[in-house]
Amino acid sequence: MNARVVLTLVALLSAGPAWAQSKGQLRIPEFSALSEKASETVTVTLDANLLGMAARFLSNEDPEQAKAKKLVSSLTGIYVRHYTFDTDYAYPKGDIDGVRRQLNAPGWSRIVGAVSKKENTTVDVFVLIDGEKAQGLAIIASEPREFTIVNIVGNIDLEQLHDLEGNFGVPDLEIDTGKKPAPAKPPAPVKPPAPAKPN
Amino acid sequence: MNENFEDELRRRLRAVDAPEGFAERLMAALPAERKSTVVAFVPKAAHPARHFGVPAALAASLLVAVFLGVRVANDREIEQQKGIAASQQLMQALRVTSQKLDLAYEAVNSPPTAGDEENRS
């Protein structure tokens, strides 16, 4: 009996790294079979080490890269799976629903959910709030011929995400950053027009 | 005839005491000190090593240093390639993220048509 308990404990301890994920990190399936079927595939798996390495190679001269460098400094992972197909619904919706189910966990909030039945498009944006900080961001977008899963893990500065607007085309989703907006500047005094000189 | 021969043989082969002083004379005839017959074997190859040992060690050290230097340079190059690949992946990930956020933005801000439903919290 004792041996069985010890063996169970050992098994649980040894299995630790398998489920020891960062807060906000989703278990995204590999979708390895889809890579052959897809006409375009984007698979990005950047953990904290690789993000640090990537940040070192971003240029401070390039404004786009400089902002990205600032954004990723507090992140611990970026995971993207994006597949485009030549035919409609060539991907298993069950796998996506499996990821979606993970976002029902406490802490995750859906900040945007848009379903277009006309175009069969679904876009959901979720944020994991811990205290007053966003610790994770997830985007699940599915269209008939493509689907995308984005998972950003770490201390996400939503203001910095706002700052990316215009650089990567990130739109202003009016995400509440939890900070009060800066008071509007008073309008500059209008100078009276100079009197016309008599001819 | 035979008996006589055997008797004669027995008589001649009987044990006879050594003559007086035989042992002393024999010992005196032996050399006073026997020379050692052990020969030290020194391989001939050991002698050149004495001359070329230090240069060979230096050459070996130089070779090891060059090997390590090449290896460190290779490691750095591999790390640099990994870093560049990671930064490209990062930029690609941010672009995909922005595209999808853009899609969400369009869906939220476009006027609702029949069959569309939108919510935002």
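I began with the conventions: the model is predicted, local features need pLDDT of at least 70, side-chain atom pairs count only at pLDDT 80 or more, and totals for chains, interfaces and linings use all residues. Residues are numbered from 1 along each chain as its sequence is written, while chains are lettered from A and ligands numbered from 1 in the order in which they are written.

I then looked up the elements of chain A and found seven helices and six strands, taken as DSSP runs (H or I of at least four residues for helices, E of at least two for strands) and numbered from the N terminus. Read from the N terminus, their order is α-α-α-β-α-α-β-α-β-β-β-β-α.

For burial I used the count of other C-beta atoms, placed from the backbone, within 10 Å of a residue's own (buried at 20 or more, exposed at 12 or fewer, partly exposed in between). By that count 29% of the 199 residues of chain A are buried. In strand E6(A), residues 146-156, nine of the eleven residues are buried, so the strand is largely enclosed by the rest of the structure.

Next I checked pairing, which requires at least two DSSP bridges between two strands. E2(A), residues 75-84, runs antiparallel to E6(A) and is joined to it by nine bridges, with Ile78(A) bridged to Ile152(A). E5(A), residues 133-143, also pairs with E6(A) in the antiparallel sense over nine bridges, and there Gly136(A) stands opposite Val153(A). I noted that E5(A) and E6(A) form a hairpin, with two residues between them.
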